[in-house]
Amino acid sequence: MAPDKLVYMANQIATFFASMPPEEASAGVAEHINSFWEPRMRAQLFALAEAGDAGLSPLVREALPKIRRPAVAQG
């Protein structure tokens with residue numbers, strides 16, 4: 001997926017949960033991404049976050065530790 005599209009989607013999820021109390025908001029973002037994003041999308045999200053300022057909202061960055069990191073394919 002194009003990086004800008006992935007960032008847009010993650011930030012839209014964060015916008016939806018932003019009206020909740022902070023801990024519930026980050027948990028909601030993580031739960032949504034864990035439930036609905038395939039492993040390749042989650043892997044790309046982590047790669048973008050680790051590469052630097054990808055334009056991810058602070059709420060997405062706060063949710064990252066709660067998002068399941070896909071196993072790295074070996075072979």
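Colleague: What makes valine 7 count as buried?

Modeller: This is a predicted model, to begin with. Valine 7 has a relative accessible area of 8%, and buried means under 20%, so valine 7 is buried.

Colleague: Where does valine 7 lie, and what is it in contact with beyond its neighbours within four places in sequence?

Modeller: Valine 7 lies in helix α1. Leaving those neighbours aside, valine 7 is in contact with Leu48, Ala54, Gly55 and Leu56. Its C-alpha is 11 Å from that of alanine 47, a residue 40 places apart from valine 7 along the chain.

Colleague: Why is α1 called roughly perpendicular to α3?

Modeller: The two pack at an angle of about 95 degrees, with their axes 10 Å apart. Roughly perpendicular covers 65 to 115 degrees, so α1 is roughly perpendicular to α3.

Colleague: Which residues of α1 and α3 meet?

Modeller: From α1 there are Pro3, Leu6, Val7, Met9 and Ala10, and from α3 there are Met41, Gln44, Leu45 and Leu48. By class, that contact holds eight nonpolar residues, one polar and no charged.

Colleague: And α1 with α2: why is that pair called oblique?

Modeller: Their axes come within 9 Å and cross at roughly 135 degrees. Roughly perpendicular stops at 115 degrees and roughly antiparallel needs over 145, with the rest counted as oblique. The angle falls in that remainder, so α1 and α2 are oblique to each other. As for handedness, α1 passes α2 in a right-handed crossing.

Colleague: Which residues make up the contact of α1 with α2?

Modeller: Ile13, Ala14 and Phe17 in α1 meet Ala25, Gly28, Val29, His32 and Ile33 in α2. This contact has six nonpolar residues, two polar and no charged. Gly counts as polar in this scheme.

Colleague: How do you know that phenylalanine 17 is buried?

Modeller: The relative accessible area of phenylalanine 17 is 12%, and the cut-off for buried is under 20%, so phenylalanine 17 qualifies as buried. Phenylalanine 17 lies in helix α1. Not counting residues up to four places away in sequence, phenylalanine 17 touches Ala25, Gly28, Val29, His32 and Leu59.

Colleague: How far apart are the C-alpha atoms of phenylalanine 17 and histidine 32?

Modeller: They are separated by 9.9 Å, and the two residues are 15 residues apart along the chain.

Colleague: What makes the span of α2 close to the expected one?

Modeller: Helix α2 covers residues 22–36, which is 15 residues, and reaches 21 Å from its first C-alpha to its last. The expected span, at 1.5 Å a residue, is 21 Å as well.

Colleague: Which residues of α2 are buried, and what covers them?

Modeller: The buried ones are Ala25, Ser26, Gly28, Val29, Ala30, Ile33 and Asn34. Their cover includes α1 (3–17), α3 (39–51) and α4 (58–63).

Colleague: Back to α1 for glutamine 12. Why is glutamine 12 called partly exposed?

Modeller: Glutamine 12 has 41% relative accessibility. Buried needs under 20% and exposed needs over 50%, with partly exposed in between, so glutamine 12 counts as partly exposed. The C-alpha of glutamine 12 is separated by 19 Å from that of proline 39, and the two are 27 residues apart along the chain.

Colleague: Does alanine 2 count as buried, partly exposed or exposed, and why?

Modeller: Alanine 2 has 40% relative accessibility, between the 20% and 50% cut-offs, so alanine 2 counts as partly exposed. You'll find alanine 2 in the segment before α1. From alanine 2 to histidine 32 is 20 Å, C-alpha to C-alpha, with the pair 30 residues apart in sequence.

Notes: Residues are numbered from 1 along each chain as its sequence is written. This is a predicted model: local features need pLDDT of at least 70, side-chain atom pairs count only at pLDDT 80 or more; totals for chains, interfaces and linings use all residues. Side-chain values use heavy atoms; hydrogens and water are left out. Helices (H or I, at least four residues) and strands (E, at least two) are DSSP runs, numbered from the N terminus. The expected span of a helix is 1.5 Å times one less than its number of residues. Buried means under 20% relative accessible area, exposed over 50%, partly exposed in between (1.4 Å probe, protein chains only). Contact means heavy atoms within 4.5 Å. Axes are lines fitted to C-alpha atoms, for helices over the stretch in contact, and angles run from 0 to 180 degrees between N-to-C directions. Angles under 35 degrees count as roughly parallel, over 145 as roughly antiparallel, 65 to 115 as roughly perpendicular and the rest as oblique. A crossing is left-handed if the near helix is turned anticlockwise from the far one by less than a right angle, and right-handed if clockwise.
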